[in-house]
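Visitor: I have a protein model on screen and want to learn how to read it. Where do we begin?

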Amino acid sequence: MTVLASIRDLTVTYRRDGREVAALKGVGFDIVAGERLAIIGESGSGKSTLALAIAGLLPASARVEGRIDWFWRTQPILGTVERQLRHLRGGVPLLGRDIGFVFQDASTSLDPVMTIGKQIAEVARTHLGLTWSQAYAKAKTLLQRVHLPDPDSALHAFPHQLSGGQKQRVAIAAAIAAGPKLLIADEATSALDTIVQAEIVGLIRRLVAEDGMTLLFISHDIALAADLAERMAVFRQGQLVELGTAARIVGAPAQPYTRALLDAHIGLDAEPLLNRSGLNA
Ligand SMILES: Nc1ncnc2c1ncn2[C@@H]1O[C@H](COP(=O)(O)OP(=O)(O)O)[C@@H](O)[C@H]1O
Ligand SMILES: [Mg+2]
């Protein structure tokens, strides 16, 4: 078992209107290389704050304490989160190259006035040092890999010409264009209807397996997370309250909060979660 990143005593406080909001309170866990790890919890529990901290994307209004240590070079890169953020400019870890990030809303990731081919090619060009024509060839391959219909003409399309699900496919293609080791998907399927959601989850599963990526799958939907992830970390009010295999957490949640998340889901669609996930098979 190889640790990709170790997160220790991570505390993030936002300042807004002279008030302090503690979004993460002393969080610690490891991300294991090659695993599919889900971060779950209700809205406001600190999931996005965690994702942004890991990706070095926190706003300037956030105060960060604790550390995130990365182990994906031969030499471990050790340091506090703040030093880590300064490392970003030096290149380790670099968003786009080492970490791919997919947001809930594709309009956050995609530029409305740039063709999707150019947006994907730009990532490949910047991080892999390709020429434009090599980068466009790579973009076309990526559009094929995410199963976008008619990749040749899609290269020249603008985001508004695509459906919500297609836009997320493009956002995923851009996120993996430079071959990142870690893919972070923050509620990447939450805005989509159930059928499209299942397709995108299947797509993420396939791409992560094909490229040997580590996945951080962030969702408020514990059933969806249990379908995809091997391990789950349950967050509540900025704290990590439960960490374990998806099978154990779904089969025997240790925390009443986790049980409530499960019950809320089962109550909604009356479909037994264990059957759905195939975890008791
Ligand atoms: N930029 C911000 N400024 C101030 N407070 C924020 C900001 N982003 C998030 N928060 C607060 O931090 C807490 C955790 O939010 P977030 O990490 O977005 O949770 P989740 O992704 O689980 O819904 C919430 O109370 C939220 O209101
Ligand atoms: Mg969020």
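Guide: We begin with one side chain. At 6% relative accessibility, Lys 47 counts as buried. Buried means under 20% relative accessible area, exposed over 50%, and partly exposed in between, with a 1.4 Å probe and protein chains only.

Visitor: What should I know about the source of these values?

Guide: This is a predicted model: local features need pLDDT of at least 70, side-chain atom pairs count only at pLDDT 80 or more, and totals for chains, interfaces and linings use all residues. Side-chain values use heavy atoms, without hydrogens and water, residues are numbered from 1 along each chain as its sequence is written, and chains are lettered from A and ligands numbered from 1 in the order in which they are written.

Visitor: Where is the place of Lys 47?

Guide: Lys 47 is in helix 1, residues 47-55. Helices (H or I, at least four residues) and strands (E, at least two) are DSSP runs, numbered from the N terminus. The protein chain has 12 helices and 9 strands.

Visitor: Which residues does Lys 47 touch, not counting those up to four places away in sequence?

Guide: Contact means heavy atoms within 4.5 Å. With that exclusion, Lys 47 touches residues including Glu 42, Glu 187, Ser 219 and His 220. A polar atom of the Lys 47 side chain lies 3.1 Å from the backbone oxygen of Glu 42. For a polar contact, look for a pair of N or O atoms within 3.5 Å; within protein, one must be able to donate a hydrogen and the other to accept it, and residues adjacent in sequence count only if both atoms are side-chain atoms.

Visitor: Which residues are around ligand 1?

Guide: Here a residue is near if one of its heavy atoms lies within 4 Å. Lys 47 is one of the residues around ligand 1, and Tyr 14, Arg 16 and Ser 48 are also among them. A backbone N or O atom of Gly 44 lies 2.7 Å from a ligand 1 oxygen atom. For Gly 46, a backbone N or O atom is 3.1 Å from an oxygen atom of ligand 1. The side chain of Thr 49 has an N or O atom 2.5 Å from a ligand 1 oxygen atom.

Visitor: Now the strands. How do I read a sheet?

Guide: Strands of a sheet pair through backbone hydrogen bonds, either parallel or antiparallel. Two strands pair if DSSP finds at least two bridges between them. This structure has an open sheet of 6 strands in the order 5-6-7-3-8-9, with mixed pairing. Strand 5 and strand 9 (239-245) stand at the edges with a single partner strand each, so one side of each has no neighbour in the sheet.

Visitor: How many bridges join strand 6 to strand 7?

Guide: The number is 5, and the two strands run parallel. Leu 182 has Thr 214 of strand 7 as its bridge partner. Strand 5 (residues 99-102) also pairs with strand 6 in the parallel sense, over 4 bridges. There, Gly 100 has Leu 183 as its partner.

Visitor: Why is strand 6 largely enclosed by the rest of the structure?

Guide: In a regular strand the side chains alternate between the two faces of the sheet. Strand 6 (residues 182-186) is largely enclosed because 5 of its 5 residues are buried. Leu 182, Ile 184 and Asp 186 cover one side, and Leu 183 and Ala 185 are on the other.
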